[in-house]
Amino acid sequence: MSKELDKKLQTLPKPKLREETKDVLHQAIMEHEKEKNHNAWLPKVRSAALFTVSIVAIALFSFILFTGSEGEAPRSSAPEESSYDNYVSHLQSIEVHNQIDADKAYIGNNGALGKYHGQVLPGKYYANGMELQTNEELPMGIHMHYKVTEDTSAKGFDKEVFHVTNLPWTIIFNATTYFTFFTNGDYVTFDIDYYGEKREYTLTRQQIEDLYGRDVKEFADNKDLWKEEVMEKTLQNEEKVQDFMEKIQAP
């Protein structure tokens, strides 16, 4: 029975696939091969891409961390608010009047100078000593030393008083204060160790009085005049501040 069935089956015509069917089957086989190859190399590509992105991210982070802006020492932080007018508002909040008795307001009184240097004025968190020049044969003045490091409890603007964006306002404000409340000083020098970089700025009484066009001792007993002349007309005038800095640094 099985032999007769085999013979009959052999005599039947072989089935033929239409061209459309062949094309569908061929396309299905090609898609299957493509998917198989894709699944084989995709993990490798993903792995390589992730590795490359990680290397670039690490390099970028290292560059930002260990490099400062041009002309600046490496920094771990920048001012939260860099615009000068906000820093001027910070300076205006500092009470410089009524800090010492009038009979103690002279160069040579270490206690009075030390209070302003280490407790009142911008830079107090970095105060690192001072020197007095009281030889009557030489111009009388003071050297205020500062050492800026990351090891400080200062925050916000107090931490950034010597940053390049705030420095001009800091030294003008401090010099004005010394010449206003200490009547016998001819100059003040700010010696600043800024993260290992030495900076020095000397301002004379004459330069400061030329800046305001008046005897700055007039500010000592007049808070309104201080606010108007020092804070509003001078420190809020960015061009005036920058011009003054160029003059005192000119060779």
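At what angle do helix α6 and helix α8 pack, and how far apart are their axes? In this predicted model, local features require pLDDT of at least 70 and side-chain atom pairs count only at pLDDT 80 or more, whereas totals for chains, interfaces and linings use all residues. Residues are numbered from 1 along each chain as its sequence is written, and side-chain values use heavy atoms, with hydrogens and water left out.

Helix α6 (residues 205–212) packs against helix α8 (residues 238–249) at an angle of about 155°, with the axes 12 Å apart. Helices (H or I, at least four residues) and strands (E, at least two) are DSSP runs numbered from the N terminus; axes are lines fitted to C-alpha atoms, for helices over the stretch in contact, and angles between N-to-C directions run from 0 to 180 degrees. The two helices are therefore roughly antiparallel (over 145 degrees). Gln-207, Ile-208 and Leu-211 of α6 meet Lys-240, Phe-244 and Ile-248 of α8, contact meaning heavy atoms within 4.5 Å.

Strand β1 runs antiparallel to β2 (residues 141–148), joined by 5 bridges, and Met-130 stands opposite Met-144 in β2.

How values were computed. Two strands pair if DSSP finds at least two bridges between them. Angles under 35 degrees count as roughly parallel, over 145 as roughly antiparallel, 65 to 115 as roughly perpendicular and the rest as oblique.
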